[in-house]
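Please work through the following exercises with the sequence and the structure beside you, and try each task before you read its solution.

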Amino acid sequence: MASEELAQKLQRRLLLEESGAAAEGDEREAEVPAPSEAGEEERSCLTASADAELSAKLARRHDINEGAAQPRRAAVFNPYTEFKEFSRRQIKDMERMFRLYDSGRDGYIDLMELKLMMEKLGAPQTHLGLKNMIKEVDEDFDGKLSFREFLLIFHKAAAGELEEDSGLLTLAKLSEIDVSIEGVKGAKNFFEAKVQALSSASKFEAEIRAEQDERKREEEERKHRRAAFRELKSAFTQ
């Protein structure tokens, strides 16, 4: 009788141990996904990341079109190094024109100042036309033109990136600043482009020297005028 009870207890214990080991094995299998499931999960993560990036780009494009995009602040720039297709003289001419119509002296040409500029150039624009002109080069979405954005007008005109009926192209043509054959634009081959680039650098240095000589000459003339005035004054006081 005792032996039968002992046998039953041993059998029950064996059954319990086998069931416990099976359950533990099931848990381990559940924790480690099958190779195919892991691959599917990784692909899903990559797809979700790509979708998020594309959605962000599409959202910004939509905001730009709707005029609700946040501005991206432009770093301080050097017009002579960034717009190498223009000579130093041309950039000086553009700067003089920009300052002429920047009546507020705030470093920007706003819509009303652009309106006055186009009227002075003999090509008045509608209010909507003026807004479209600014929007075409307004990189920071502030609704006005900085000097860099003003230079972009001539950059796009020289590169043929403006539509024929664009108000900006009209501005570039009527400004009397020739940007048609500058820098390496229109070079027929690499060697021509290289020669043109070297000649542009030499021309740039020559223009700087010419400006320095001009300032020296003007200073000499002022000295001579002051000396002549002092002589004339002393003649009258004697």
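Predicted model: local features only at pLDDT ≥ 70, side-chain atom pairs only at ≥ 80, totals over all residues.

**Exercise 1. Carry out the corresponding analysis for Phe141: what is its phi, and in which accessibility class does Phe141 fall?**

Solution. Phe141 is placed in the loop between helix 6 and helix 7. Its phi is near 55°, which is a positive value in a residue other than glycine. The relative accessibility of Phe141 is 31%, a value that lies between the limit for buried, under 20%, and the limit for exposed, over 50%. Phe141 therefore counts as partly exposed.

**Exercise 2. Locate Ser146, classify it, and name residues that it touches.**

Solution. Ser146 is found in the loop between helix 6 and helix 7, where helix 7 spans 147-158. With a relative accessibility of 15%, Ser146 counts as buried. If residues up to four places away in sequence are not counted, Ser146 touches Phe98, Gly107 and Tyr108.

**Exercise 3. Find how many aromatic pairs there are, and describe the pair Phe83 and Phe86 as well as the pair Phe98 and Phe150.**

Solution. A pair of aromatic rings is described by the distance of the centres and the angle of the planes. With ring centres required to lie within 6.5 Å, the count comes to four aromatic pairs. In the pair of Phe83 and Phe86, the ring centres are 6.4 Å apart and the planes are at 15°, so this pair is stacked. Both Phe83 and Phe86 are buried. In the pair of Phe98 and Phe150, the centres are 5.5 Å apart and the planes stand at 55°, so this pair is tilted. Because Phe98 lies in helix 4 (residues 88-101) and Phe150 lies in helix 7, the pair ties together parts that are 52 residues apart in sequence. Phe98 counts as buried at 4% relative accessibility, and Phe150 counts as buried at 0%.

**Exercise 4. Describe how helix 7 packs with helix 8, and give the classes of the residues in the contact.**

Solution. Two packed helices are described by the angle between their axes and the distance between the axes. For helix 7 and helix 8, the angle is about 90° and the axes are 9 Å apart. That makes helix 7 roughly perpendicular to helix 8. From helix 7, the residues Phe150, Ile153, Phe154 and Ala157 meet Leu168, Leu169, Leu171 and Ala172 of helix 8. Sorted by class, this contact has eight nonpolar, no polar and no charged residues.

**Exercise 5. Describe how helix 6 packs with helix 8 in terms of distance, angle and residue classes.**

Solution. The axes of helix 6 (residues 127-137) and helix 8 (residues 167-174) come within 8 Å and cross at roughly 85°. Helix 6 is thus roughly perpendicular to helix 8. On the side of helix 6, Met133, Glu136 and Val137 take part, and they meet Gly167, Leu168 and Leu171 in helix 8. The residues of this contact divide into four nonpolar, one polar and one charged.

**Exercise 6. Summarise the whole protein chain by its secondary structure, its burial and its contacts.**

Solution. The secondary structure of the protein chain comes to nine helices and zero strands. Of the 238 residues in the protein chain, buried residues make up 24%. The accessible surface of the protein chain comes to about 17,700 Å², and 54% of this surface belongs to carbon and sulfur atoms. Finally, among contacts between residues at least 6 apart in sequence, 53% join residues that are at least 24 apart.

Key
Residues numbered from 1 in each chain as written. Heavy atoms only, no water. Axes fitted to C-alpha atoms, helices over the stretch in contact; angles between N-to-C directions. Helix = DSSP H or I, 4+ residues; strand = E, 2+ residues; numbered from the N terminus. Parallel < 35°, antiparallel > 145°, perpendicular 65-115°, else oblique. Contact = heavy atoms within 4.5 Å. Nonpolar A, V, L, I, M, F, W, Y, C, P; charged D, E, K, R; others polar. Buried < 20%, exposed > 50% of the residue type's maximum accessible area, 1.4 Å probe, protein only. Areas by Shrake-Rupley, 256 points an atom, 1.4 Å probe, with all protein chains shown as cover. Phe/Tyr/Trp six-rings, centres within 6.5 Å; stacked < 30°, edge-to-face > 60°.
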